[in-house]
Number of protein chains: 2
Amino acid sequence: MSIDHGSAPTLEKVAELAGVSRSTVSRVVNASPRVKPEVIRAVNDAIQKLGYVPNRAARTLASRRTQAIALVIPENTARFFADPFFASVIQGVAFRLAQTDYTLTLLIAAEGDPGKTRRYLQGGNVDGMLVLSHHNDDASYVDLAGRLPVVFGGRPMSRESENVHVVDVDNIDAASRATRHLIERGRTRIAHITGRRDMAAGIDRLTGWRRALDEAGLPAELVEDGDFTPEGGAAAMRRLLDRGEPIDAVFAASDQMAFGALNLLRERGMRVPDDVAVIGFDNNSYAISSRPELTTVEQPSIEFGTAMAEALVRLIDGEEVDTLTLLPTRLVQRAST
Amino acid sequence: MSIDHGSAPTLEKVAELAGVSRSTVSRVVNASPRVKPEVIRAVNDAIQKLGYVPNRAARTLASRRTQAIALVIPENTARFFADPFFASVIQGVAFRLAQTDYTLTLLIAAEGDPGKTRRYLQGGNVDGMLVLSHHNDDASYVDLAGRLPVVFGGRPMSRESENVHVVDVDNIDAASRATRHLIERGRTRIAHITGRRDMAAGIDRLTGWRRALDEAGLPAELVEDGDFTPEGGAAAMRRLLDRGEPIDAVFAASDQMAFGALNLLRERGMRVPDDVAVIGFDNNSYAISSRPELTTVEQPSIEFGTAMAEALVRLIDGEEVDTLTLLPTRLVQRAST
DNA sequence: CTGAAAGCGCTAACAT
DNA sequence: ATGTTAGCGCTTTCAG
């Protein structure tokens with residue numbers, strides 16, 4: 001097990017080989033202006049020849065810029081890694097950052113030792129942070145917004161702070177639209193399977209559903225809590241059906257729950273959309289894997305991530321960034337309604 | 001937009017407050033032995049009082065240890081972020097590392113500029129790297145194993161190098177077992193929907209299927225390529241059926257493909273498992289979301305990630321680590337067979 | 001067991 | 001346009 005940690009060539013070596021000072025090499029490496037073209041050439045040649053790669057730690061130490069961004073995911077949220085929405089957001093963040101010189105540090109905030117993550121974040125190890133939280137514990141990061149640039153994915157449950165930047169979709173409006181879609185198709189007994197109630201998205205979608213129903217003068221009593229998973233959706237659907245009241249449509253706060261509801265409906269011998277129309281939220285693989293395929297509200301998940309990264313990078317660069325970036329949603333009509 | 005980048009207290013401040021030298025503070029921080037208990041107390045008090053957090057860059061620069069680990073994911077593989085298996089592996093890696101002082105740097109290796117990732121890796125920015133690849137392009141990282149500790153998730157397609165460490169499951173054996181399960185249940189016309197052929201897992205599962213069939217003296221001609229997705233599985237199933245030859249069972253190299261195949265079988269009016277038995281691979285959410293639920297080969301995905309992290313950390317610490325870590329698989333019997 | 005001194009590799013004024 | 005001079009905050013011999 002002998003690995004050749006061949007000591008990397010330093011900036012100084014490059015300077016010697018190119019016959020210039022270290023400052024000049026530094027300038028060339030950092031694409032600073034005012035360097036004679038021929039010198040740039042000479043330096044680059046030397047860099048090439050030596051296979052020089054700048055040492056990040058030294059750079060960070062001297063410049064006070066880490067070129068690193070943290071993606072903070074609370075431990076309990078991390079369990080939802082496989083949730084298509086989260087996965088896509090992370091993918092979007094990673095892709096956008098791959099186009100920059102920023103490095104992405106994935107931070108699973110352990111519940112056991114919250115101080116560890118905070119210390120890391122406050123210790124000047126990153127230039128900014130992204131918070132992706134499923135739950136309301138994101139509250140613990142809001143205050144950090146005063147110490148370094150922070151962008152939240154989805155509005156945090158806690159009070160707003162002026163330094164808090166958020167990327168989100170208008171969940172109330174989107175849910176309301178989905179519900180109206182059902183109403184327009186003549187449904188009157190419209191149920192809702194909620195997302196988690198400790199998440200803004202879950203609460204807002206519930207609000208949107210209720211609003212649309214209220215405006216149409218329809219009853220908004222058929223609600224059961226889900227948890228964004230297929231199993232949770234099926235369980236909620238079962239409770240809904242077991243109430244014994246008539247139901248002719250259901251709006252689930254996620255495709256996964258709609259998928260689970262669909263399965264249960266089939267088991268109970270109910271036809272979709274004939275007996276019950278079903279609409280989901282997300283437009284992910286579950287929407288097209290189900291039979292019938294799901295009508296759903298599409299939210300741009302990858303763009304959700306790129307927008308977060310984009311906002312943070314601009315924030316770090318000292319640019320003006322909107323406190324709230326709202327991404328568009330779109331109703332996708334399929335066979336379940 | 002004014003953020004208070006309150007300059008963090010340095011080790012020197014702590015030394016002053018505690019009335020000792022910087023060296024001593026450093027020793028305490030690094031839990032070095034031979035420091036008088038009372039001094040340790042004094043220093044810790046000062047650290048507490050000042051809210052001191054060591055500067056990572058300075059530490060790295062001075063000690064030549066980054067305390068960072070890179071998780072490299074080729075761009076094309078990153079598109080499979082939502083694949084439950086990948087998501088779980090990443091989750092496992094992140095969780096295991098969260099228990100250490102290592103930081104996880106997520107590196108999406110851009111196809112456009114492969115040099116960027118390599119430079120980063122070679123530039124002494126990390127103490128070790130983990131490679132998670134869906135495809136055969138992991139070959140480009142095998143040689144880096146000579147410069148720093150590397151652990152692959154799934155055996156790379158390229159030739160082995162003595163410094164290459166791998167965490168994997170025995171795909172040949174597992175696939176063979178799945179196939180034998182079908183044979184034992186009296187099936188004789190057993191088809192296979194492959195994974196990607198440019199992945200070791202895809203190739204090995206095909207080999208295992210063929211081996212079991214050969215040993216039983218059964219024909220191994222019913223093969224169609226899939227790509228690990230539900231859509232790919234459905235398409236492969238369609239081609240299989242369109243051959244017009246009898247089929248009484250199918251082994252799909254992933255639950256997602258089995259799921260897709262199941263949907264297609266239903267469309268064609270075939271009953272599972274009565275007419276056709278179906279077995280998948282992974283045991284993820286698709287296996288329990290499908291109707292009927294899938295019999296499948298379970299592979300411990302989270303442990304896959306923790307094992308990778310574990311091996312790398314030990315490698316970095318200079319410990320002896322097996323070149324190949326094989327994780328156990330298990331047949332999970334459900335309604336589809 | 002503790003302190004002094006010398007850097008780690010790079011950037012950033014300040015000169016020139 | 002380029003070089004000089006100081007560090008950035010920490011670890012690490014080497015003394016004692």
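Student: Which residues come nearest to DNA strand D?

Tutor: This is a predicted model. Of the 27 residues around DNA strand D, those that come nearest are A:Ser23, A:Arg27, A:Arg64, B:Leu11 and B:Tyr52.

Student: Which polar atom of B:Leu11 lies 2.4 Å from a phosphate oxygen of DNA strand D, backbone or side-chain?

Tutor: For B:Leu11 it is a polar backbone atom. B:Tyr52 instead uses a polar side-chain atom, which lies 2.4 Å from a phosphate oxygen of DNA strand D.

Student: Which elements give two or more residues to the surface near DNA strand D?

Tutor: They are helix 2 (22-29) and helix 4 (56-63) of chain A, together with helix 2 (22-29) and helix 4 (56-63) of chain B. By class, the residues of this surface are ten nonpolar, nine polar and eight charged.

Student: How should I read a pair of packed helices?

Tutor: Two packed helices are described by the angle between their axes and the distance between the axes. In chain A, the axes of helix 9 (residues 171-184) and helix 10 (residues 200-215) come within 7 Å and cross at roughly 40°. Helix 9 and helix 10 of chain A are therefore oblique to each other, and their crossing is right-handed.

Student: Which residues make the contact?

Tutor: Helix 9 of chain A contributes residues including A:Ile172, A:Ala175 and A:Ile183. Among those of helix 10 of chain A are A:Asp204, A:Trp209 and A:Leu213. The contact has seven nonpolar, five polar and four charged residues.

Note on methods:
Residues numbered from 1 in each chain as written. Chains lettered and ligands numbered in written order. Predicted model: local features only at pLDDT ≥ 70, side-chain atom pairs only at ≥ 80, totals over all residues. Heavy atoms only, no water. Near = heavy atom within 4 Å. Polar contact = N/O pair within 3.5 Å; in protein donor to acceptor, adjacent residues only side chain to side chain. Helix = DSSP H or I, 4+ residues; strand = E, 2+ residues; numbered from the N terminus. Nonpolar A, V, L, I, M, F, W, Y, C, P; charged D, E, K, R; others polar. Axes fitted to C-alpha atoms, helices over the stretch in contact; angles between N-to-C directions. Parallel < 35°, antiparallel > 145°, perpendicular 65-115°, else oblique. Left-handed = near helix turned anticlockwise from the far one by under 90°. Contact = heavy atoms within 4.5 Å.
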